[in-house]
Amino acid sequence: MSPLKLDVLKKSEHKIVFITEGVSVEMINSIRRIILTEIPVMAIDEIIILKNDSPLYDEIISHRLGLIPLKTDLDAYKLPHECECLGYGCPLCQVSLTCEITNTTNSPLEIYSGNLSSNDPKIVPVDPYIPIVTIDKNDKVIIEAYAILGFAKNHAKWQAVSNVAYRHYPLVEYEANKLKDLEEKKLVVKMCPEKLFELNNNDSLKLKEDYWKSCTLCKFCEKMSKGKIKVVPKKGVYIFSIESDGVLPFDVLIQKVFEVFNEKIDEFVIKLEELEIES
Ligand SMILES: [Zn+2]
């Protein structure tokens with residue numbers, strides 16, 4: 001296998017796309033699954049509603065609060081089951097977020113995630129404008145909520161990313177002199193769902209330079225050209241993309257993925273050594 005190569009194609013606050021080369025599909029899929037379910041992040045898990053004059057039931061408000069993405073500091077907090085308090089809740093493993101609002105205006109008042117006040121300024125909602133509930137004039141809401149670290153394998157509210165996926169790097173190959181029929185070429189241009197082909201002035205077929213960014217390997221062009229165009233996945237090369245709602249920075253996330261991966265390998269080796277294999 002060729003040496004590992006990584007090329008970051010796009011990196012913004014909420015999305016990263018990179019190409020990997022020299023990594024097996026099993027490894028890529030393990031990384032995807034760890035990102036999806038094994039990275040702990042903060043989410044509200046316990047709620048005490050002391051007053052709720054809003055038209056929504058306590059359960060609906062609780063559900064909405066649980067789904068608010070919270071900025072996470074993995075160094076500052078312990079997982080409840082690893083904490084000295086044994087999960088009962090203490091400043092080492094939980095953060096309290098409170099909200100006490102009375103509508104003193106003459107019109108309905110919207111309560112947003114930004115109205116939750118946290119006892120740790122680092123653990124706050126990622127976006128302060130996520131609507132929670134609207135209350136009428138003179139109505140009041142008093143909420144006490146507790147956020148803890150958890151895993152998405154137990155509940156999706158603890159998911160560290162919004163989306164994580166990989167796909168094969170597409171290779172589209174054809175010889176221009178074999179594609180002679182104009183109607184066939186027009187059909188290829190028309191039928192490609194991503195519109196990756198175009199006709200030049202001399203009616204020759206042209207594939208867009210950055211076709212691989214959107215080609216889904218649907219092979220429509222292959223069918224329309226009766227096999228003169230070939231679409232194949234490039235062996236050992238994958239396009240990996242992660243979308244985040246901002247709970248963890250990408251560098252922290254990637255570092256944590258490999259920590260978890262190594263822990264799992266160590267655990268596997270220990271379990272394997274414990275087995276008494278009969279020869
Ligand atoms: Zn604790």
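Predicted model: local features only at pLDDT ≥ 70, side-chain atom pairs only at ≥ 80, totals over all residues.
Strands of a sheet pair through backbone hydrogen bonds, in either a parallel or an antiparallel way. In this model, 4 strands form an open sheet in the order E3-E8-E4-E6, and their pairing is antiparallel. Strand E3 (41-52) and strand E6 (117-118) are the edge strands, each pairing on one side only. The neighbour of E3 is strand E8, residues 140-150, and these two strands are joined by 10 bridges. Within this pair, isoleucine 47 has alanine 145 of E8 as its bridge partner. Helix H2, made of residues 58-66, lies across E3 and E8 and runs at about 155° to E3.

**The hairpin**

Strands E1 and E2 form a hairpin, with 3 residues between them. E1 covers residues 5-11 and E2 covers residues 15-21; their pairing is antiparallel.

| E3 and E8 | 41-52 and 140-150 | antiparallel | 10 bridges |

**The nonpolar patch**

Ile265, Phe268, Val269, Leu272 and Leu275 make a nonpolar surface patch of about 470 Å². One of these residues, leucine 272, is found in helix H5, which spans residues 250-274. Is leucine 272 buried, partly exposed or exposed? Its relative accessibility is 42%, so leucine 272 counts as partly exposed. The partly exposed class lies between buried, under 20%, and exposed, over 50%.

Definitions and conventions:
Residues numbered from 1 in each chain as written. Heavy atoms only, no water. Patch = residues over 30% accessible without salt bridge, like charges linked within 9 Å, V, L, I, M, F, W, Y side chains within 5 Å. Areas by Shrake-Rupley, 256 points an atom, 1.4 Å probe, with all protein chains shown as cover. Salt bridge = Lys/Arg side-chain N within 4 Å of Asp/Glu carboxyl O. Buried < 20%, exposed > 50% of the residue type's maximum accessible area, 1.4 Å probe, protein only. Pairing = 2+ DSSP bridges. Contact = heavy atoms within 4.5 Å. Axes fitted to C-alpha atoms, helices over the stretch in contact; angles between N-to-C directions.
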